[in-house]
Amino acid sequence: MTTQTLSAPEVYQGQFGEFTITQSDRTGVIIYRAGLMVAALSFAIASALVVFNNQPATLAAITPLYACFTLALGVSLITIHIYMLTLHRLLQAFWAIGSIAAVGLAFYSSEPLAVTVYNHPLTLFGIGFTFVALTGIYFKEAFCFNRLETKVLTFTVPLLLLGHLVGILPIPAEQVLLGIWATLFLVFALRKTVQAIPADIGDKSVFTYLKQQRSNKG
């Protein structure tokens, strides 16, 4: 008779006590990273079409690519680990506002979504909230893991969007910034695939402590 022994899960020492990482935790990280990868690929393809093949049919194809980008980003915002619940919910709210604005523009404008946003910069006050949420992810990753690409993206995205909003950037400069954004977003997503999973989960004892604090206040 053979007895099969299952190895005990590794115990980590956190700031507020010990914790273990479950399979559910690992699955959540994988989903988070998969969402980032889909979003990065969709954004890179759409950016390449804008820069290298700026034709009417091409611009129309950007709308479904943007839909894939937005949905994938939403999945990542559900599964991302952020200690501050208020910040987590705020980023999700920004994503929701931007997504609703994008749907409204796509349905009520006679032009492709990309053309509408480009020709009417004030639409960024709606759809731009999605990119605020994305920049929040970049900032979180830069702060937690000191990643060069996310540090650059944290400044590149606002520079491009605000520059277009107020009309101070020439088209070549916008194309360069868009290319930097798309390239570094891909680099970021690819590097996440080889990062140790526990790093993205963080210190679970902090999450437990903060949850207890909220319960006590309630």
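**Terms and values in a predicted helical model**

Q: In which helix is W181 found?
A: W181 is found in helix α7, where helices are DSSP runs of H or I with at least four residues, strands are runs of E with at least two, and both are numbered from the N terminus. This is a predicted model, in which local features need pLDDT of at least 70 and side-chain atom pairs count only at pLDDT 80 or more, while totals for chains, interfaces and linings use all residues. Residues are numbered from 1 along each chain as its sequence is written, and side-chain values use heavy atoms, with hydrogens and water left out.

Q: Why is W181 called buried?
A: Its relative accessible area is 2%, and buried means under 20%, exposed over 50% and partly exposed in between, with a 1.4 Å probe and protein chains only; W181 is therefore classed as buried.

Q: What does W181 touch, not counting residues up to four places away in sequence?
A: Taking contact as heavy atoms within 4.5 Å, W181 touches F43, F131, L134, Y138, L153, T156, V157, L160 and L161. Of these, L153, T156, V157, L160 and L161 also belong to the buried residues of α6. W181 and F155 are 26 residues apart in sequence and 10.0 Å apart in space, C-alpha to C-alpha.

Q: How do you know that the span of α3 agrees with what its number of residues predicts?
A: The expected span of a helix is 1.5 Å times one less than its number of residues. For the 24 residues of α3 (residues 85–108) that should be 34 Å, and the end C-alpha atoms are 35 Å apart, which agrees. 

Q: Which residues of α3 are buried, and what covers them?
A: The buried residues of α3 are H88, L91, Q92, F94, G98, S99, A101, A102 and L105, and what covers them includes α2 (56–79), α4 (113–119) and α5 (124–145). An α-helix has 3.6 residues a turn, so residues three or four places apart point the same way.

Q: What span does α6 reach, and what do its buried residues pack against?
A: With 19 residues, α6 reaches 28 Å from its first C-alpha to its last, close to the 27 Å expected. Its buried residues, among them E149, G163 and H164, pack against α4, α5 and α7. Just after α6, G167 takes a positive phi of about 75°.

Q: What makes β1 and β2 a pair of strands?
A: Two strands pair if DSSP finds at least two bridges between them; four bridges join β1 (residues 11–14) to β2 (residues 17–20), so they count as paired, and they run antiparallel. Y12 stands opposite F19, Q13 stands opposite E18, and a hairpin joins β1 to β2 through two residues.

Q: What makes a set of grid points a pocket and not a cavity?
A: On a 1 Å grid over the protein atoms alone, a cavity is a set of points where a 1.4 Å probe fits but cannot get out, whereas a pocket is an open set with protein on both sides within 12 Å along at least five of seven lines; lining residues have an atom within 4 Å of a point.

Q: What is the volume of the largest pocket, and which residues are closest to its centre?
A: The largest pocket has a volume of about 780 Å³, where grid points are joined across faces, edges and corners and a volume is the space filled by probe spheres set on the points. Of its 30 lining residues, the closest to the centre are V50, A114, V117, Y118 and L178. Helices α1 (23–52), α2, α4, α5, α6 (148–166) and α7 (171–192) each supply at least two lining residues.

Q: How many residues of each class are in the lining of the largest pocket?
A: The lining has 22 nonpolar, seven polar and one charged residues, where Ala, Val, Leu, Ile, Met, Phe, Trp, Tyr, Cys and Pro count as nonpolar, Asp, Glu, Lys and Arg as charged, and the others, Gly among them, as polar.

Q: Which helix gives the most to the lining of the second largest pocket?
A: α5 gives the most, with seven residues, and about 350 Å³ of space lies in this pocket.
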